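Here are a few worked exercises on the model below. Have a look at it first, then try each task before reading its solution.

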Amino acid sequence: MLVSSSSADGIRNNQPAPDPIQSNLPLVSAAVAAMAAAAAYEAERKQEAEEAAHLAIAQRNAKRNGKKNTTPMSYRQIAKAYAAAKYNFNATLNKAQEMGLGDEDAAKLKADVAKSGTIGASLGAAQGYIVQKQAEQEAQAAAKRQQMEAQRAEKKEALLEPPAPSMQVPPQADGYEAVEALRASRAANSQASASTSPWQSAWSAITTTAQRMQDGVSNFAQEKAIQPIQTSWNTLKSLAPTRDQWEQMGLRIIVASVPLAITLPLALPVLVGSGLLLADVHYGPKPLDAFFGRGTDSRGIRLAQENMQAIQNAGLQNNVPPIAIASGIAVQSQWGEYPWDDFEQAIADTVNPVTNLLLHKEYIHPSYGLARISPDEMKMLDINGNPNDPAVSAEAMAKRIELAVNACRNCSADDKIIIAGMAQNGVGFTAMNVKDILNPKYGYQSPDGTINWNSYFDSQKAKSPKSLLDQLRIRLLNWRASGQNYDTQFQLRVFTNDLQALANSPDWNLPQGMGETELNYMQCLANRHPGDVACQP
Amino acid sequence: MLTVLEKRWPLISILLLIVLLASLLIWHSIARTASIAMLVLGPGMAIVIIIRRQSQFHRASNIDRTAMLHHIFFEVLGLLLAIALAILLSQVAAGVAVPLLGSGLVSTVILMIAVVLLGLGAAWLVKVTWGRWTKAQ
């Protein structure tokens with residue numbers, strides 16, 4: 001859980017200085033995209049608004065022409081009316097030009113307006129041209145329609161055969177006359193059949209059957225599908241809110257969103273706090289304290305206890321104190337038995353790779369098992385097997401610690417266990433960071449080999465987000481670490497808590513040369529803030 | 001002042017885009033600041049223009065106050081939707097393109113062109129979905 005939240009930063013720490021173009025690219029591309037979207041949206045809206053304004057002016061002019069206002073107009077009103085009329089004239093002239101009015105004629109009309117100061121005559125001319133053109137177009141379209149109708153009729157006549165004689169019985173006929181009429185009709189039919197070719201009859205039968213089938217299908221669709229859908233749609237439409245109702249709703253949303261916007265920043269921490277407090281009360285062993293690094297979580301400790309054999313084997317193989325591996329496992333398996341653990345893991349498996357791809361432009365697998373190790377890190381540490389296997393988890397934790405501790409040559413036992421506390425989180429603190437600490441340029445290591453952890457932690461600031469999208473994650477980590485550096489001092493804090501808890505158990509022994517004083521020193525370092533009294537080993 | 005700014009905004013935004021691209025390729029130190037300024041200025045100016053246009057429309061007595069608020073609310077919401085979609089798409093594009101193309105001059109320019117097109121596409125998508133829906137109301 002802890003590894004996955006800081007893995008990407010850790011990987012970046014181990015790499016050379018990032019390419020400035022690459023590091024600025026997400027933010028710049030976001031800005032460019034936002035700018036392009038805003039400009040395009042704005043342009044489209046502007047066009048729509050202009051059309052709407054044009055329509056409104058035209059409607060108002062029409063209204064005004066219908067009912068003349070007798071009150072005198074102010075200069076402002078006159079100017080506005082003139083501007084509107086000119087706008088209308090320009091739009092009409094443009095339309096006329098689109099319909100074929102020559103540039104010279106358009107220029108002449110414009111010059112007339114400029115010279116005389118009146119728009120009416122030129123507007124009338126432009127409108128007349130448009131009306132004339134529209135009439136011409138309509139006439140052309142009507143002629144074309146007629147021509148097409150005639151062609152269609154010709155085709156239809158060619159396809160249809162001569163109509164079959166009727167077999168109807170005269171309506172007024174009595175029984176005998178009706179039978180006679182039927183016979184006569186059959187005889188006429190048979191004569192007609194004899195006069196037409198068998199191909200024509202067959203074609204006629206096919207077309208009639210096809211027509212009947214088409215009618216049947218169309219009627220069926222109309223009755224069973226189209227009509228019910230239309231009825232339902234009309235019912236739904238009648239139930240949908242009207243424009244006025246939407247406006248009222250919009251206003252209500254605006255009014256309601258103001259107090260919500262003010263109270264939400266206050267309400268959210270209260271809700272989250274209440275949730276954690278409830279979990280605290282329900283589950284007993286203080287998950288809230290474990291979350292903020294103020295105490296241990298019993299589930300992590302229990303998982304370490306349950307896998308003692310695997311941890312001790314890994315310790316022997318890698319020459320790492322088993323209690324250090326167990327503490328690391330306890331930190332990484334915090335809240336390991338909560339009912340939502342599987343759910344949370346499933347979410348992390350889905351969300352983490354996508355987030356990493358978006359934020360860091362590289363695919364990083366989520367982490368698994370008691371040590372929360374990712375497949376990438378397993379490859380880096382040269383470990384094979386299933387990360388969910390406790391033996392593999394213990395080996396991974398031992399290797400994480402071993403690599404970092406081995407980088408600290410001539411270091412004391414205290415320094416080594418402090419390094420182990422930070423290294424248990426994997427890629428957030430590695431051998432590279434240890435080499436930085438030992439670099440004489442920084443002066444953290446004194447000539448006798450001991451490391452001045454007070455000054456090192458003073459130099460460790462809270463993490464800063466690398467991109468806009470990274471803000472939320474980093475803010476959450478910093479909140480959790482109470483302003484300390486999440487990858488170093490906070491990791492030492494949670495590690496020391498679990499180390500102390502395991503040391504109180506008879507099953508685990510502290511490394512040689514380490515006792516209560518050293519544990520207190522670690523606690524002091526882990527909880528120290530810049531400006532506090534320096535911790536003494 | 002605002003009217004001039006509004007009138008010249010397309011030109012100004014193109015100039016700002018050029019500055020931003022130049023900062024990405026040449027003046028790395030100002031790239032972040034310029035990006036944040038653009039992220040604030042672009043949407044901010046668009047919102048100002050929307051409010052101004054609707055209030056002018058209202059003052060010309062073409063719409064009443066309720067309709068003006070209604071229009072502003074839905075237009076601003078649509079704008080923010082378009083911007084959010086554009087940012088999301090641009091991040092996906094950057095996430096996919098950088099490992100494939102690297103961060104050379106040509107690949108950066110290609111990515112920027114793609115991002116501009118994605119921004120335009122996002123605005124169009126919002127127009128044909130959100131815009132059509134709000135227009136129907």
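**Exercise 1.** Work out whether Arg372(A) is buried or exposed.

*Solution.* Start with the rule: 20 or more other C-beta atoms within 10 Å of a residue's own make it buried, 12 or fewer make it exposed, and anything in between is partly exposed, with C-beta atoms placed from the backbone. Arg372(A) has 30 C-beta neighbours inside 10 Å, so it counts as buried. Finally, check the backbone: phi of Arg372(A) is positive, about 50°, though the residue is not a glycine.

Some bookkeeping: this is a predicted model, where local features need pLDDT of at least 70 and side-chain atom pairs count only at pLDDT 80 or more, while totals for chains, interfaces and linings use all residues. Residues are numbered from 1 along each chain as its sequence is written, and chains are lettered from A and ligands numbered from 1 in the order in which they are written.

**Exercise 2.** Check what span helix H20 (residues 489–503) of chain A should have, and how enclosed it is.

*Solution.* The expected span is 1.5 Å times one less than the number of residues. For the 15 residues of H20(A) that gives 21 Å, and the end C-alpha atoms are 21 Å apart, which agrees. As for burial, 13 of the 15 residues are buried, so H20(A) is largely enclosed by the rest of the structure.

**Exercise 3.** Find which residues of helix H17 (residues 431–438) of chain A are buried, and where they point.

*Solution.* The buried ones include Asn433(A), Val434(A) and Ile437(A). Now look down the axis of H17(A): the buried residues fall within an arc of 105° (taken from the directions from the helix axis to the C-beta atoms), so they line one face of the helix.

**Exercise 4.** Which residues does Ala326(A) contact, leaving aside its neighbours within four places in sequence?

*Solution.* Contact means C-beta atoms, placed from the backbone, within 7 Å. By that rule Ala326(A) touches Ala304(A), Ile311(A), Leu502(A) and Trp508(A).

How values were computed. Helices (H or I, at least four residues) and strands (E, at least two) are DSSP runs, numbered from the N terminus. Two residues are in contact if their C-beta atoms, placed from the backbone, lie within 7 Å.
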